[in-house]
Amino acid sequence: MKSSWNLIGLIFWIALIIYAAFVVHNIGVRRSRIILNNNYSFSWKHLYKTLAQLIILFLGLGFMIFETFNSNIRAKDVSIKREYNPLVLDTNGKNSYYVKVLTQKAPNLNQSYSYLIKNKINQVSSNSSNVLMGDNNAINIPNFAFDWKKQSIKKLDDHYQKAWVIKVKATYKNNFLNGIGMHAGRQAHEYTLIRVPDSSFIYKN
C-alpha cells in the first residue's frame, strides 16, 4: 500500500460488506416477522424499506467499483513529473541513429523503441510511447502528459536540435478521493515521447 490514504478505501469496502450483510439479514428478519405476525406474505412497508436498502447498497457498490477500477486518468487527480534529455547518436557499425525500432516476433505484440541517453540504452513499448519526426507536430499524445503548445516544442527543438526525449510520469495524489479508490501514491501512467529530426535517424531492426 503506497499511502495511508488508501486505508480510506479499505474501510469503505469493509463498511459496504458489513452493510450488505446487514441488509440481507434485515430483509430476512422482517420477512419472517410478517409471516409470523400477520400470516400473509406481502407488505408495502416491507417492500419500500427493502427497495430503499437495496438502492443504497447498489449505489454504494457502483461508486466503489467506479472509484477502484476506473482507468481514466483525470488531470486533477494526478501529479505530473516530466524529465527531458537530449538523445545521443547510437550506431550498429553501419548506421548512426537516434532510435532503433524493435519488432516483436509474436504477431500479437507491438513494437518497441530503443534509444540512448546519458550513455545508457533505454527501451520502451509503443503502447506507452511515440516518435515525433521532423515537422510533424500533430500526434496523438495523452492529455494528461502534455499541456504545451507548438511553441514549446519549438523551444525544445532549438535547444536540443530536434533530438530529445521526454519521459512523463503521472502519480496519483495523496488525497481523500484517490484514497477511496486505493490509488493514492501509486503510479497512474508513464509515457515517453521521442523526438528525432527526420525518419533517417530511425533504424528498423
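Student: With which residue does K167 form a salt bridge?

Tutor: A salt bridge is a side-chain nitrogen of Lys or Arg within 4 Å of a carboxyl oxygen of Asp or Glu. In this structure, K167 forms one with E190, and the closest N and O atoms are 3.9 Å apart. The pair links distant parts of the chain, with K167 in strand 8 (residues 164–172) and E190 in strand 9, 23 residues apart. Helices (H or I, at least four residues) and strands (E, at least two) are DSSP runs, numbered from the N terminus. Please note that this is a predicted model, in which local features need pLDDT of at least 70 and side-chain atom pairs count only at pLDDT 80 or more, while totals for chains, interfaces and linings use all residues. Residues are numbered from 1 along each chain as its sequence is written, and side-chain values use heavy atoms, with hydrogens and water left out.

Student: Which other residue meets E190 in a salt bridge?

Tutor: The side chain of K169 does, at 4.0 Å from N to O. E190 lies in strand 9 and K169 in strand 8, so this pair ties together parts that are 21 residues apart in sequence. Through shared partners, salt bridges join K167, K169 and E190 into one network.

Student: How should I read the exposure of E190, as buried or partly exposed?

Tutor: Buried means under 20% relative accessible area, exposed over 50%, and partly exposed in between (1.4 Å probe, protein chains only). E190 is partly exposed, with a relative accessible area of 26%. K167 is partly exposed at 21%, and K169 is partly exposed at 35%. H189, which lies in strand 9, is partly exposed as well, with a relative accessible area of 28%.

Student: How many salt bridges are there by this rule?

Tutor: The count comes to three. One of them is formed by D157 with R195, whose closest N and O atoms are 2.5 Å apart. D157 lies in helix 3 (residues 150–160) and R195 in strand 9 (residues 187–196), so the pair ties together parts that are 38 residues apart in sequence. Both D157 and R195 are buried.

Student: What is the make-up of the lining of the largest cavity?

Tutor: Ala, Val, Leu, Ile, Met, Phe, Trp, Tyr, Cys and Pro count as nonpolar, Asp, Glu, Lys and Arg as charged, and the others, Gly among them, as polar. The lining divides into three nonpolar, five polar and three charged residues.

Student: Finally, how many helices and strands are in the protein chain?

Tutor: There are four helices and 10 strands. Of the 205 residues of the protein chain, 35% count as buried.
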